[in-house]
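This briefing sets out selected features of the structure shown below.

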Amino acid sequence: METVKLSDSQRKSRRSRNIALGLVLAGLVALFYVVTLIKFGNGMVH
Amino acid sequence: MTLIDNHEAVGMEGAPRLSEASARDYFELLKPRVMSLVVFTAFAGLVLAPGQINPFIGFIAILCIAVGAGASGALNMWYDADIDAVMSRTAKRPIPAGKILPEEALAFGLTLSAFSVIILGLAVNWLAAGLLAFTIFFYAVIYTMWLKRSTPQNIVIGGAAGAFPPMIGWACVTGGLSIESIVLFLITFLWTPAHFWALALFKMRDYGAVGVPMMPNVCGEGTTKKQIVIYAVLTALIGICPTLLGFASLGYGAFATVMGLGFVWYSIGVLRMPEGDERMVPAKKLFAFSIAYLFAIFSALVVDHVIAQVWLNAGGIA
């Protein structure tokens with residue numbers, strides 16, 4: 001089985017992409033949570 | 001089979017291609033400078049529209065419009081990678097620079113397009129989402145794939161894509177369209193030719209080298225300069241329409257008149273530029289002023305509206 005070693009720049013850029021993707025996903029979770037509160041919040045109160 | 005040494009990825013047969021693209025390279029695909037203009041004009045549409053919108057929903061609306069515009073930029077870079085590689089202005093973009101593969105940019109653009117439209121529809125309203133979807137389609141397909149390489153009127157018609165954001169912002173609040181939102185659309189739509197042809201004049205060789213039929217290459221410098229003046233005059237006239245239609249004050253009207261006269265003045269400077277001028281200083285000045293003009297006009301509309309609201313509320317209290 002042949003193995004491939006990641007170069008420093010490949011590892012660094014992948015880490016940067018992973019962090020960005022993680023932040024985007026966390027942001028989406030927060031966004032949907034707050035939108036749900038806003039959209040259904042009033043209805044639930046009444 | 002090929003296995004990465006630390007068991008993090010399994011590749012295909014042969015030498016695997018491991019991306020060195022950073023998150024910043026993907027951000028560059030979104031054309032951040034164009035996006036800033038879109039964010040600004042969409043915000044203006046949102047503020048100027050009559051009615052109320054929850055501030056967080058308003059923020060989501062701007063975010064979706066910005067991401068949708070960015071997605072169309074990524075699709076544009078995917079399709080235009082061949083000519084971007086040749087032109088000096090675009091040769092450093094992520095695809096021609098070899099940082100991102102065209103198919104990666106395509107997937108990125110399509111994914112962001114779908115997400116921005118669906119979230120705008122779910123969180124705000126489906127008319128605004130429909131307009132955003134149409135804007136993305138118009139820029140990526142009508143402009144990039146069809147008009148850009150086939151007619152010197154490319155940016156006149158294609159300019160509509162960049163002019164839709166304030167209309168989408170307006171639709172986010174009102175759920176509809178109106179004459180006021182059409183005027184906001186027309187300000188950017190009529191501004192685009194003078195702005196882009198000023199750039200095309202001093203980047204003429206670039207466009208000529210890749211066979212993109214920009215006005216200066218196809219119809220000549222003289223015709224382009226005349227048309228720049230015509231569009232500058234039209235932009236100056238539409239710029240004062242908000243006052244004439246009653247949704248901006250006389251103060252705004254005076255400011256828009258001065259800015260419009262400045263725009264026409266700089267365009268006349270381009271008209272007087274000698275044929276074959278190598279430095280093209282008047283064209284560069286017009287290009288710079290055109291950016292300032294659009295920001296100033298939309299800023300003035302927003303400030304004027306906010307002052308009017310504050311004045312109205314103060315009168316209500318008294």
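A nonpolar core is a set of buried Ala, Val, Leu, Ile, Met, Phe, Trp, Tyr and Cys residues joined through C-beta atoms within 7 Å. In this predicted model, the largest such core has 96 residues.

**Nonpolar core**
- The residues with the most contacts inside the largest core are B:Ala61, B:Ile65, B:Ala74, B:Leu120, B:Ala128, B:Leu132 and B:Ile168.
- Helix H3(B) gives the most to this core, contributing 14 residues.
- Apart from neighbours within four places in sequence, B:Ala61 is in contact with B:Leu46, B:Leu120, B:Val124, B:Ala128, B:Gly169 and B:Cys172.

**Packing of H3(B) and H5(B)**
- Helix H3 (residues 55-79) and helix H5 (residues 102-123), both of chain B, pack with their axes 8 Å apart and at an angle of about 155 degrees.
- Because angles over 145 degrees count as roughly antiparallel, H3(B) is roughly antiparallel to H5(B).
- The two helices, H3(B) and H5(B), cross in a left-handed sense.
- On the H3(B) side, the contact residues include B:Ala61, B:Cys64, B:Gly68, B:Ala74 and B:Trp78.
- On the H5(B) side, they include B:Pro102, B:Phe108, B:Gly109, B:Leu120 and B:Ala123.
- The residues of this contact comprise 19 nonpolar, five polar and no charged.

**Chain A**
- The secondary structure of chain A consists of one helix and one strand.
- Chain A has 46 residues, of which 2% count as buried.

Notes. Residues numbered from 1 in each chain as written. Chains lettered and ligands numbered in written order. Predicted model: local features only at pLDDT ≥ 70, side-chain atom pairs only at ≥ 80, totals over all residues. Axes fitted to C-alpha atoms, helices over the stretch in contact; angles between N-to-C directions. Helix = DSSP H or I, 4+ residues; strand = E, 2+ residues; numbered from the N terminus. Parallel < 35°, antiparallel > 145°, perpendicular 65-115°, else oblique. Left-handed = near helix turned anticlockwise from the far one by under 90°. Contact = placed C-beta atoms within 7 Å. Nonpolar A, V, L, I, M, F, W, Y, C, P; charged D, E, K, R; others polar. Buried ≥ 20, exposed ≤ 12 C-beta atoms within 10 Å, placed from the backbone.
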